[in-house]
Amino acid sequence: MTTTPGFETEGNSAPASRQDEQPPEDSPLTNAELVQLRIRVIALENLVIALLAEAPDRQLILARGMATYISPRAGFTLHPITLRAADEMLSLVDRADRYLRPPRP
């Protein structure tokens, strides 16, 4: 496996040589860290779409089921971020469906 020089492989964005100098957990992210997170999210989304594009129907059903599972149940508080995450999961499955298959008329 290849890694970016100076970075750990476990998703840690801090340079490996400065592990003991990390800022507290609650400090805001720098602009560079936010840009790096956006890049990683875009890459992961596209990998998920590519993997789902060749997934069997049962896995697509499972992915859609997970989106429903994280959606709030009746009587529970609606959390906007969770709702958006569920919508995004469904969007990824839909985009994967269109990736290798032509649009249906």
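This is a predicted model: local features need pLDDT of at least 70, side-chain atom pairs count only at pLDDT 80 or more; totals for chains, interfaces and linings use all residues.
Colleague: Let's start with H2. How many residues does helix H2 have, and how far does it reach?

Modeller: H2 covers residues 57-70, which is 14 residues, and it reaches 20 Å from its first C-alpha to its last. That is close to the 20 Å expected at 1.5 Å a residue.

Colleague: Which residues are buried in H2?

Modeller: Leu60, Ala63 and Ala67. Looking down the axis of H2, its buried residues fall within an arc of 60°, so they line one face of the helix.

Colleague: Why do residues three or four places apart point the same way in an α-helix?

Modeller: An α-helix has 3.6 residues a turn, so residues with that spacing point the same way.

Colleague: OK, and what do the buried residues of H2 pack against?

Modeller: They pack against H1 and helix H3, which is 80-100.

Colleague: Which exposed residues sit on the face of H2 turned away from its buried side?

Modeller: Arg58, Ile61, Leu62, Thr68 and Tyr69 are the exposed residues there.

Colleague: Now H3. What's buried in that one?

Modeller: In H3, the buried residues are Ala86, Leu92, Val93, Ala96 and Asp97. Seen down the axis of H3, they fall within an arc of 135°, so they line one face of the helix. The buried residues of H3 pack against H1 and H2.

Colleague: And how far does H3 reach?

Modeller: H3 has 21 residues and reaches 31 Å from first C-alpha to last, close to the 30 Å expected at 1.5 Å a residue.

Colleague: What does the face of H3 turned away from its buried side carry?

Modeller: That face carries the exposed residues Pro80, Ile81, Arg84, Asp87, Arg98 and Tyr99.

Colleague: How far apart are the C-alpha atoms of Arg64 and Asp87?

Modeller: They are separated by 9.7 Å, and the two residues are 23 residues apart along the chain.

Colleague: Where is Leu37?

Modeller: Leu37 is in helix H1, residues 31-53. Leu37 is partly exposed, with a relative accessible area of 41%.

Definitions and conventions: Residues are numbered from 1 along each chain as its sequence is written. Side-chain values use heavy atoms; hydrogens and water are left out. Helices (H or I, at least four residues) and strands (E, at least two) are DSSP runs, numbered from the N terminus. Buried means under 20% relative accessible area, exposed over 50%, partly exposed in between (1.4 Å probe, protein chains only). The expected span of a helix is 1.5 Å times one less than its number of residues. The arc is that of the directions from the helix axis to the C-beta atoms. Contact means heavy atoms within 4.5 Å.
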